[in-house]
Amino acid sequence: MSTDQPAVLASALPAPRSAHVGAAAPEAGRSPRGGFLVKAFGITAVLSAAGSGLGLLRDLLLARYFGASQGTDAFLVAWTVPETAAPLLIEDAMSFLMVPAFALALVLREEDPDAPDPVRHLVRATLPWLLLALSGLALVAALGAPQLVELLAPGLPDPGLAVVCTRITAITVLPFGVAGYLAAALRAHHGFTAPAAIYVAYNLGILALLFGFHGLLGVRSAALGVALGSLLMAGLLVGPFLRCLRTGRTGAGRGRRGRNTLVLMPLALLPVAAFTLTRQCQVFVERYLGSALPPGTISHLNYAAKVSQLAMTAGILICTVTFPLVARALAAGDLTAARDRVEKDLGQAAAVVLLGTAFLMACAPSVVSLLFQRGAFGPPDTAATAAVIRVYSFGLPAQALTGVMIRPYFSLRPVVRRAGDPRAEGGGRRLLDWYPLAAMLLGLAVTVTVGLLATPRFGALGLAAGNAAGITTAAALLLRGLVLRGIPLRLRRVLGGHARLAGTATGATALGAAAAGLATGPLLSTLVGGLTVVLAFAALGAGLGAREVRGPVLAAARVMGRGPLGRTSPGPRRPSTPLAASSSVADPARSAGEALDPPIVADEGKFPHGQ
């Protein structure tokens with residue numbers, strides 16, 4: 001089925017300036033550079049870390065107030081709605097669709113200052129329909145809450161509580177979609193702060209109601225907090241979005257439909273949405289099968305997943321930062337540059353995630369005890385959650401690599417283009433749009449099969465093993481899919497680098513677990529085990545020749561050698577270098593051992609759009 005059902009969204013505009021003749025891009029289409037980008041990246045990183053920290057605090061309070069019980073199981077089933085809506089409406093599908101749309105509209109605005117504003121035209125053409133669709137989805141989710149709970153967790157002993165919480169959390173569909181749309185517009189306008197702060201607002205809303213009303217409302221307070229937090233997310237972005245629209249101009253001329261119009265391909269969203277929903281189905285499988293296990297099993301799985309995914313999130317940040325650079329290379333048709341960037345991202349994301357995986361496997365009991373063991377969360381819960389974390393960790397590298405690979409994959413099939421763009425793909429190429437969905441469906445089949453076979457004997461550990469096996473299968477298929485899509489990855493080089501990193505992580509895990517076992521108390525055990533893992537990972541990685549580890553280790557050694565005690569003579573002072581060129585922040589995914597060149601035009605866009 002063809003996804004090309006174009007809808008013309010902008011009036012006639014002059015022919016775009018060719019990217020191949022060296023003309024400067026319009027000001028609005030440029031990515032910010034230099035000190036501004038460093039500042040934007042810093043703000044984004046700080047706010048993202050704050051949002052993650054508040055999310056962890058939210059989980060700590062859930063564990064403290066309610067432990068792992070029937071009540072938390074019911075709430076977590078209801079939380080499936082916002083957990084599904086957030087990736088679809090904020091992080092993946094909406095971002096892939098609307099960031100390029102607004103970016104192109106800004107370029108067209110600069111190309112013809114006298115034409116009607118393409119940005120406002122885009123908003124008028126898309127936002128009303130989006131609000132209508134989101135409202136309908138929220139209403140359907142609320143009215144169908146009993147059937148949804150029965151579908152997701154038929155074995156719950158108290159489905160009534162889950163139904164109430166589901167109806168409350170169904171509200172989030174509308175504000176999540178609005179927040180994703182407004183965040184995409186702001187990032188295209190180079191507005192980073194407000195989009196980066198939305199998860200801070202979200203978790204503050206949850207914490208406020210959870211802290212103030214847990215005694216009166218029980219887990220319903222958490223569900224109400226989710227609804228309030230989603231409203232705060234959208235509300236935070238409304239003001240900055242309206243200010244962006246006011247900066248545009250209305251344009252007096254009447255547009256004429258022509259070749260160089262802004263064209264939105266709405267059905268191109270379907271492969272992205274289908275992939276995102278299918279990926280989220282792993283959670284549905286866990287909760288469906290887990291509902292038939294002893295009470296608290298779903299909660300153990302949830303707490304383990306939240307802790308495990310902190311390591312994965314750190315790895316995903318790398319591809320979030322470099323995604324604009326990959327997209328720029330693909331848009332220019334430079335597949336070699338895109339290949340080099342993707343290969344580097346795969347290696348560096350794997351290094352970060354495997355380091356986190358080694359730490360979690362070595363120190364899982366002490367970490368869980370340190371974070372959760374208080375109040376209603378007792379030692380049996382700690383032991384069960386730590387065991388699940390260790391099994392989950394086998395799938396973390398695949399989770400991160402899937403996040404790295406899916407971005408360039410969908411970038412090769414843009415959802416927004418000019419009507420006069422001569423580049424068109426045949427039907428066979430369009431079929432590849434659905435390859436990630438097929439890969440994820442096969443991975444989901446593995447998850448279900450392993451879960452059904454292993455759960456009767458191993459319980460929650462069987463579900464975690466199914467999750468790890470399924471996502472690893474999907475990641476392997478996606479790696480092959482990138483080659484089929486047209487990015488000529490050197491698979492032998494990529495897989496060889498990952499093998500060295502896996503060996504490094506295995507050795508670091510063994511040494512870290514031994515060191516953690518010698519310490520007493522969860523805090524000391526975590527510190528000793530974690531430090532041992534880091535040092536062992538650095539030493540073993542450098543010794544095995546893992547580029548992603550050896551580069552930073554050698555760079556750190558050179559920095560230490562140039563310290564006050566390491567300099568034998570003052571030597572000539574080097575000319576000062578601009579911050580964007582000398583700081584690693586200018587390209588945080590660059591290997592530490594590489595030479596840093598002054599920024600050029602191709603370096604633009606190396607920073608995240610507030611993710």
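Q: Before we start, what should I know about the numbering and the model?
A: Residues are numbered from 1 along each chain as its sequence is written, and side-chain values use heavy atoms, with hydrogens and water left out. This is a predicted model, where local features need pLDDT of at least 70, side-chain atom pairs count only at pLDDT 80 or more, and totals for chains, interfaces and linings use all residues.

Q: How many helices and strands are there in the chain?
A: Helices (H or I, at least four residues) and strands (E, at least two) are DSSP runs, numbered from the N terminus. Here the chain has 23 helices and three strands.

Q: What percentage of the chain's residues count as buried?
A: Buried means under 20% relative accessible area, exposed over 50%, and partly exposed in between (1.4 Å probe, protein chains only). Of the 611 residues here, 53% count as buried.

Q: And what share of the contacts join residues at least 24 apart?
A: Contact means heavy atoms within 4.5 Å. Take the contacts between residues at least 6 apart in sequence: 84% of them join residues at least 24 apart.

Q: What span is expected for helix H5, and what does it reach?
A: The expected span of a helix is 1.5 Å times one less than its number of residues. H5 (residues 118-143) has 26 residues and reaches 38 Å from its first C-alpha to its last, close to the 38 Å expected.

Q: Where are the kinks in H5 and H11?
A: The bend at a residue is the angle between axes fitted to the seven residues ending there and the seven starting there. In H5, look at Thr 126, where there is a kink of about 30 degrees shortly before the proline Pro 128. H11 bends by about 30 degrees at Val 238, and Pro 240 follows within four residues.

Q: How are two packed helices described?
A: You use the angle between their axes and the distance between the axes. Axes are lines fitted to C-alpha atoms, for helices over the stretch in contact, and angles run from 0 to 180 degrees between N-to-C directions. Angles under 35 degrees count as roughly parallel, over 145 as roughly antiparallel, 65 to 115 as roughly perpendicular and the rest as oblique. The axes of H5 and H11 come within 9 Å and cross at roughly 130 degrees, so H5 and H11 are oblique to each other. Val 119, Arg 120 and Val 123 of H5 make this contact with Phe 241, Leu 245 and Arg 246 of H11.

Q: How do H21 and H22 cross?
A: The axes of H21 (residues 522-544) and H22 (residues 547-561) come within 8 Å, at roughly 110 degrees. That makes H21 roughly perpendicular to H22. On the H21 side the contact is made by Phe 537, Ala 538, Gly 541 and Ala 542, and on the H22 side by Val 549, Arg 550 and Val 553.

Q: At what angle do H12 and H18 pack?
A: H12 (residues 269-290) and H18 (residues 435-458) pack at about 5 degrees, with their axes 9 Å apart. That makes H12 roughly parallel to H18. For classes, Ala, Val, Leu, Ile, Met, Phe, Trp, Tyr, Cys and Pro count as nonpolar, Asp, Glu, Lys and Arg as charged, and the others, Gly among them, as polar. By class, this contact of H12 with H18 has 12 nonpolar, five polar and one charged residues.

Q: Is Glu 343 buried or exposed?
A: Glu 343, in H14 (residues 335-372), has 9% relative accessibility and counts as buried. Leaving out residues up to four places away in sequence, Glu 343 touches Pro 488, Leu 489, Arg 490, Arg 493 and Val 494.

Q: And what does Leu 479 touch?
A: Leu 479 sits in H19 (residues 460-485) and is buried, at 13% relative accessible area. With residues up to four places away in sequence not counted, Leu 479 touches Leu 346, Met 405, Leu 489, Leu 491 and Leu 495. Leu 491 is 12 residues from Leu 479 in sequence and 8.2 Å away in space, C-alpha to C-alpha.
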